[in-house]
Structure formats: C-alpha cells, structure tokens
Amino acid sequence: MKTTAAANPSLRDRVVRRFVDEFGDGPVRVFFAPGRVNLVGAHLDYNGGDVLPLAVDRGIYVGARLRPDRRIRLRSLNDPLAVETAAEAVGERADPEHGWAAYALGVWREFAVTAGRRAGVDLCYGGDLPMASGLASSAAIGVATAFALDALHGIGLEPVEIAEIAHRAETGYVGLQCGIMDQYASALGRSGHVVLLHCFTKEWEHVPVDPDAFEILVMDTRRPRRLAASRFNERVRECARAHRLLREHVRDLPCLAAYSEEDLEAGAPFLDAVAFRRARHVVTEMRRIARGVAGLRAGNIAALGRALDESHRSAREDYEVSCEELDEITGAARRLDPVFGARLTGAGFGGCAIALVQPGRSPAVEAYVHSRFVERFGVEPGFEVLHPGGGPREVDSS
Ligand code: GLA
C-alpha cells in the first residue's frame, strides 16, 4: 500500500511514541482518517435527503499492530481512558464504561462479521480536530479503525465498505441512530472536493471546490453537547413519526426528504406541531441544499452562503438543535462583510459552527467574533481555518 506524508507529522510521531511506550517495540503502521464539515443539509442523511460534506485536513491518526492472541488494547492521546478486552468479550452492544473506545470496538466487531478476521490488535489514537464537537471525530475514529484493520489483514475493502462498517458500528454497537453522512464523508474524502451524497440511494459525486473561492472558519463555542445522543435519537423518532403520518394521510413516499412543501401543507391537519416543524425543516432544507450546490457549481459563493444562513435559521426554529452560543457565534460572524454565511455543523446542541469567509479574511472575523462572544458568555471560543483534505490513508513519518 502506498503511504503518504502525514499532514501533522508531530502528532503522527507522538502516536507512534505512545504506542511503543504502551505496547512495546516492533513495527507499527499508522493510518489517518479525516473529520468533515457539512456545508449544508442539516439532519437530512437519516431522512433520505442530500448532504454536502467535505473531508478536512484534520482528523484521527491511529497506530496499529495485529497481535498473535485474541486481546484488543486501546489507547488515546486525547483521553486518559485505556481499554483492554478479550475479543470474545466484545458483544453486540457497547459497554458504557468503554467511553470513546466503543467506536473502535464496534468497528472491530463489524469488521470481524464482514471480513471474518478476528485477530487481536493494539491500537493507539491521536486526533487534531476538536473532539465531540460536530466535526465527526467519532466517524473518523471508526473509519480510521476499519481502514487500519483492512490494511493489516491485506483485504482491500472499497471505501464505501469501510464507511458502511463504521456506520454499522455507530448505529448498532454504540447505539446512535445517525445517518451515513459522516462515515461516507471521511471514507470518500478527496482533496479539493466536496461530496454531494444522495443518502437515500447512497449515490454520490465529487464536486470540485475552487480553493481561492472561500475558506472555512470553524468556530468552537466550547459548549459541550450535553445529552446530544439522546436528543439526536429523539429527532430521528420525531421524523419517523412525521413520515408515518404523511404516508398515512397524504401519499406514500419512501423517505421524509422526498415530500414537497405542498404535501406538507396537505398533511398539516394530521401532524402534531412538533412533527410538522421537524418535517418542515427537512423539506425546506432540500430546497436550500439544491440552491447551495447550484451556487457552488457556478462559483456563486454568496448564494451558497445564503443557503448556510437559512439552514441555521431552520435548524434553530424548526429542528430546535441550536443553542444560544451557536446563535451568537454565527450571528456575530454573519454581520461581517467578508462572511458569505454561517451555520452550526454536525448534530448541533453545542460544539462548533462554520463560517464561509473570503480568503485571507478569517483573522479579522475571528477577532470580532471572539470579542462579542467573550463579552456575552465570558468564555473563550476556539477558531481554526480548515482546508479540504483527502480520504483515509496510511501515513509515514517523513
Ligand atoms: C451527526 C450525525 C450525522 C448527521 C448530522 C446532522 O453528525 O452523525 O449522521 O445526521 O449529525 O446533519
């Protein structure tokens, strides 16, 4: 397998040093999988809609080595929790005590089911993107693990198979009813491109991004996403209810994202207020993503930016996944001329937002947003300019 230089060589080296300290000398291979930002298409993936994520140049590194026995040992530079278990003890559901390591153990299990390989393994992780903040760090752990196991066993799975393994681990083993976006975005990442993913058919295309058109400023509110998993699963259930009612009373379409605004109007008398608002977000978000994609293809970043702004408003009012901090940070950014648009990213409920900014203008945006945010909340937000990056790969030290 071809290896490439790590985008973050010092992190790659720290992963190797910790690996050797924990697990002893010997050959260790290092793999990387990217996180993602989703430009537009909030909460559409599990509703069968379209999403527009791009893999970024930050993500998760994992040092990996197969073991001659059936033990699995996991370490992380980002979390003190160390996990060791016998392969036989990895059941169908995550053990809550395994914390972050559940994403990796779930992948080990799904990989064993898919590829029939059950060897023990030592794994040590390190990430350079904000964790659990809406940049798909858990999907990157999953994709990096599946990619590593595939390479160590020399099987040669397709990127989509890697994504599916990581997705099944998260929905089945970990128990978050997420859609496919994050795992597909990470596994299909291609430098200089976004992925336009049609989640119902699982078809996708890579759409080129002009690197001089905009930069992506990630703004971290530092607000932990409390109860995000249970509130996320609640949204999934609410959308399923809206879909069921629309099928019963309007017409039978295969997913919520397939309904039109006219359908929704016709269904309004039969939907409770919550189901109606959730459905309205999904249906109107499909319009916004179409406009966003058209803007991106035409180089009309202002139109893409407007789609982001409107997506945030709908996520706040109809989907109710925003919070004061996300509203403030995106609102402050939006006030500035060099900002095309801003929205929360990932599931919401806290964590990060993104702003599309004219190239080179992020420092000025950051200075203004920072002072507004500190004034209101007394908390220092984090800022990073992220660039489109490639998909999973093996990395060497050079
Ligand atoms: C999380 C989930 C994704 C997607 C987004 C919201 O990142 O893992 O599947 O639903 O939230 O768009």
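**Notes on the sheet and the ligand site**

1. Three strands form an open sheet in the order E3-E8-E9, with antiparallel pairing. Strands E3 (50–51) and E9 (203–208) are at the edges with a single partner strand each, so one side of each has no neighbour in the sheet. Strands here are DSSP E runs of at least two residues, numbered from the N terminus, and two of them pair if DSSP finds at least two bridges between them.

2. A word on the basis: this is a predicted model, in which local features need pLDDT of at least 70 and side-chain atom pairs pLDDT 80 or more, while totals for chains, interfaces and linings use all residues. Residues are numbered from 1 along each chain as its sequence is written, and side-chain values use heavy atoms, without hydrogens and water.

3. Strand E8 (residues 193–198) runs antiparallel to E9, and six bridges join them. One of the pairs to look at is Val195, whose bridge partner in E9 is His206.

4. Now to the ligand. A polar side-chain atom of Asp182 lies 2.8 Å from a ligand oxygen atom, and one of Arg36 lies 3.0 Å from an oxygen atom of the ligand. Ala347 uses its backbone instead: an N or O atom there is 3.4 Å from a ligand oxygen. The ligand alone exposes 310 Å², of which the protein buries 95% (Shrake-Rupley areas, 1.4 Å probe).

5. Which residues surround the ligand? Among them are His43, Asp45, Tyr46, Cys178, Met181 and Phe232. The shell divides into six nonpolar, three polar and three charged residues, with Gly counted as polar and Tyr and Cys as nonpolar.

Methods. A residue is near a molecule or strand if one of its heavy atoms lies within 4 Å of it. A polar contact is a pair of N or O atoms within 3.5 Å; within protein, one must be able to donate a hydrogen and the other to accept it, and residues adjacent in sequence count only if both atoms are side-chain atoms. Helices (H or I, at least four residues) and strands (E, at least two) are DSSP runs, numbered from the N terminus.
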